[in-house]
Each structure stands twice: as structure tokens, then as C-alpha cells.
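Please walk me through this structure, beginning with the chain as a whole and ending with a few individual residues whose surroundings or backbone geometry deserve a look.

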Amino acid sequence: MAFLADALSRVKPSATIAVSQKARDLKAKGRDVIGLGAGEPDFDTPDNVKQAAIDAINRGETKYTPVAGIPQLREAIAAKFKRENGLDYTAAQTIVGTGGKQILFNAFMATLNPGDEVVIPAPYWVSYPEMVAICGGRPVSISTSQENNFKLTAAELESAITPKTKWFVFNSPSNPTGAAYSHDELKALTDVLLKHPHVWILTDDMYEHLTFGDFKFVTPVEVEPKLYDRTLTMNGVSKAYAMTGWRIGYAAGPIELIKAMDMIQGQQTSGASSIAQWAAVEALNGPQDFVAKNKAIFEGRRDLVVSMLNQANGIVCPKPEGAFYVYPSCAGLIGKTAPSGKIIETDEDFVTELLETEGVAVVHGSAFGLGPNFRISYATSEELLEEACTRIQRFCAACR
């Protein structure tokens, strides 16, 4: 009898975490490495949010909390959805988790049976299909195209839905591409979903506040209110408020699903950190000027990276609408010989040779379900980004 669970054979380690760790290991050995693998803002958490956490400690808010979150945070979440998205949820329809990952995992754990299918557009965040698999479901990947800016079409969604489809996972702005769907683009997808009442929608809005120019963010239920009773809208404070390490994600949806997720969490981790929850209350209810300032900085970084990458031989880099990622194609380098003498046969070969030769750590696109591409996180200083892109240009020029 095997000791480890069969489920582990269906799951791969996180490629983004692996790249970040490899960059750390090389730095520890004295290598000059620029790590562009982690999806984490380089800004510090706002002072008012940090002070709210300190105040909570001083008040003695250091005990167990209700599993689904402290009432003050659940009220703040409901108010946020009303204020920013025009969605009416009661506090009882919300839940707080230890990061967005736990929200997603608990939703799948609460709903998936063996054979249930989950439709996931590719490229996708690396954890979506792995979570589905470990919870016993079957991830169904739909490949999008660079020509369509990595956005799913209504016809592509329609073709992927079967009687076994339980969830459609939607992420806009997207990790890894930064692509964001306009109202009309999303309406085309919600029109398809209206025809399939057995399909639930799990929308990951973690990058909601990171859209550029005059792009206006919309979430599926905002576009099509008829989907309200079968949509779980997930969000969090990690990206917009530079609070990745605080580990607070949240969601709102039908009360039956929220109760089921609450039950699972009660047997799993119980409530999220009490101190982090009080910090999140301040993040949602407090001043929001920090968000706009950082968004403007991210937009400048995006423009720099897109411009410099498109000047590299063999690289084509679309200009995304949001998040803090670009997803360039390295198809022009496939088949060429790297400075080390190795032939670049895949996008994984490309990122490996780039790291070894120039000390730039990025994530290969095949880890996100679509290549030959690679993901760069531009959540770091312009100085480092400029140096990294200069190294990428040099590496590409040296490939023969």
C-alpha cells in the first residue's frame, strides 16, 4: 500500500514559486540575478494599514476569530462590492480566507466530485488546474491566441462546455498575460453562460484595481446580474494594497456555497490571522489614494518593459491592459543556439539559458498552459527592469 495519496500524482509544484526559489538560491551563491518571477508588488504596505494592525495588537485582538472572518471585515467586504462593483451582498454572503488561494481551494473542495469538469482559459495562473485536480475534478484547458490578446471568445467557451462542466474559471486582469476584458468582451461570454444553467462561474478579480489608461474594470455579475445565484466573486488585498504576506483573500456568493466553504475551513485552518483581518478592514475602508499612485507607477513600468522587449531579436510582446505582467512570445528564438551552445527547443529551454547566461529569472509559458512564451513580473524598480531587459536583448542578440 502506497504511503502518499494518489492525488499527489495529479499535481505539479508551482512553477512561479520554483523560479523565485531558484533565483534566491543563485543569489545566495553570489550570482548577480534579477528575479522577475514573483507576482508581488515591491511597494510597502500603506502606513495606515500597518498602524491598524498595530492598534489591533494593542487592543488585544489576538484571539481566534469566527471561521468566516470578523464581522467588521465581512461588512467591509460587502460595502466594497456595493461601492465599487454595484453588487448587493450581505455580510453573511461573504467569507475571508488565508489568501485568495484558500478561497479558491475551498470552493473546489466544497463542490467537485470525481469527473466534474472545470473550464479554464489558457494561459492560466499555475494553481488553477492543480487545485482542481487535487480536489478530484478534471481541469479542461481552452487555449487562447496571442492574436486575440489571449482573450477567450464566446465560440471557444461554448465549445468547451459539456454536461459535466461544473465551473468556469475567469480571471481579468489576467495572471499571467495582464489581459483584461472590456464590458462587451465579457458580455459575449456571459451570454454563453446564460445558456448553460448547470455551469457556475468562479471569477478571480485579484487584479481589479490594476488596469491602465481609460480601461474600465467589470466583473461578470456586474455585466450579467442573472448569473448572481451561481457566481463566486473572489478578490483580496494582496496586490492592490501590497499586502501579499498578510494572507487575506475574500469572496462573496450564494449563501449555500459560503456555508459549505465555511464548514471546510472550520476543519482546515479556522479563521485567518486576526491581526491581518483588522489590517484588511482599514485597507478596504480607509483612504484609497495609495492605489491610484501605485497604478500609475505600474503603468510606466509596463510601457518600459513592452518597448524594450519588442526591441529584442525574436521577441514579440503584446501590451496588456492590466495586472503587472507581460507575456511575450519567444517563438523567434526556438531552434536557435544559445551562447552556451545548447539549442533552444522550448520556452523552458529559453528561460533556463537566459537565467544561466544573463542572470534574469522569468517563468516559462508552458507552466501557464500556453507557449512558446514567458512571463515577466514588472513589480520591481524601473532601474532593475531596464537592466533586465538590456540583458534579455543581449541574450537574444547572441543566439544564432
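Buried residues, meaning those under 20% relative accessible area, where exposed means over 50% and partly exposed in between (1.4 Å probe, protein chains only), make up 56% of the 400 residues in the chain. The model is a predicted one, in which local features need pLDDT of at least 70 and side-chain atom pairs count only at pLDDT 80 or more, while totals for chains, interfaces and linings use all residues. Residues are numbered from 1 along each chain as its sequence is written, and side-chain values use heavy atoms, with hydrogens and water left out.

The chain's secondary structure comes to 13 helices and 12 strands, which are DSSP runs numbered from the N terminus (helices are H or I with at least four residues, strands are E with at least two). Its radius of gyration, taken over C-alpha atoms, is 21 Å, close to the 21 Å that the globule rule (2.2 Å times the number of residues to the power 0.38) gives for 400 residues, so the chain is as compact as a globular protein of that length. Along the principal axes, the C-alpha atoms fill a box of roughly 60 × 55 × 55 Å. If contact is taken to mean heavy atoms within 4.5 Å, then 74% of the chain's contacts with a separation of 6 or more are accounted for by residues 24 or more positions apart.

Apart from neighbours within four places in sequence, Lys80 is in contact with Asn85, Glu208, Asn235, Tyr250 and Leu284.

A cis peptide bond, with omega about 5°, joins Ala122 and Pro123, and Pro123 is placed in the loop between strand 3 (117–122) and helix 5 (127–134). Another cis peptide bond joins Ser172 and Pro173, with omega about -10°, and Pro173 has its place in the loop between strand 5 (165–171) and helix 7 (183–194).

Ser270, although it is not a glycine, has a positive phi of about 65°; Ser270 lies in the loop between helix 9 (255–266) and helix 10 (274–285), and its 29% relative accessibility is why it counts as partly exposed. Ala323, a residue other than glycine, also has a positive phi, near 60°, and is found in the loop between helix 11 (289–309) and strand 9 (325–326). Ala323 counts as buried, because its relative accessibility is 0%.
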